[in-house]
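I opened the model to look up its charged pairs and its sheet. My notes follow in the order I took them.

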Amino acid sequence: MTIGEVCNRGVVVVDKAEGIGAAARIMRDHHVGTVVVVEGDEGAWKPVGIVTDRDLVLEVLALDLVTMKLRIADLTGTRLLTLDEDGDVTEAIKSMRDWGVRRAPVVDDEGFLVGILALDDLIDLISEQLSDIVGVMVHGQKQEQKRAA
């Protein structure tokens, strides 16, 4: 299964030049805890960072920083894990573990943003697969019971 089949394609984004307050409002308005920081034109965005509600609390509010002067780019690091939409889910899980991240932007061949992969997406996938495995086991047990009767 590819990352593109699992990821969420409804990504909430914020331009890297926006202020911190704009990111917080976007998160509130869209009821999300993460925005992908982008540059470029709408529909042809390239991810350059990711900001979470936790980042806002720990990196801005907890340090009493003046939010009016801070830009989104001030919160994003120089390194960003992106996942290729044609990549393997198992490899994505390993990369996310190695990087210590819970979410990663998903990009196409040209590096344009097409989605976001979150741990929640992976948990849903794995729990569905486990449910299927349990279904196979239960079906097998029922078949054995019918033969024994």
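I count a salt bridge when a side-chain nitrogen of Lys or Arg lies within 4 Å of a carboxyl oxygen of Asp or Glu. Helices (H or I, at least four residues) and strands (E, at least two) are DSSP runs, numbered from the N terminus.

I noted the basis before going on. This is a predicted model, where local features need pLDDT of at least 70 and side-chain atom pairs count only at pLDDT 80 or more, while totals for chains, interfaces and linings use all residues. Residues are numbered from 1 along each chain as its sequence is written, and side-chain values use heavy atoms, with hydrogens and water left out.

Is Glu 85 buried or exposed? Glu 85 is buried, at 17% relative accessible area. Arg 9 is partly exposed, at 45%. My cut-offs are under 20% relative accessible area for buried and over 50% for exposed, with partly exposed in between (1.4 Å probe, protein chains only).

How many salt bridges does the structure hold? I found 5. Side chains of opposite charge can pair when their charged atoms come close.

I checked Asp 29 next. Its salt bridge partner is Arg 28, and their closest N and O atoms are 3.3 Å apart. Arg 28 is exposed, with 55% relative accessibility.

Then I went to helix H4. Lys 94 and Glu 91 join their side chains in a salt bridge at 3.8 Å, N to O. They are 3 residues apart in helix H4, so about one helical turn separates them. Lys 94 is partly exposed at 36% relative accessible area. Glu 91 is also partly exposed, at 45%.

Two strands pair if DSSP finds at least two bridges between them.

In which sense do S1 and S2 pair? S1 pairs with strand S2 (residues 34-41) in the parallel sense, over 3 bridges. I traced Val 13 to its bridge partner in S2, which is Val 36.
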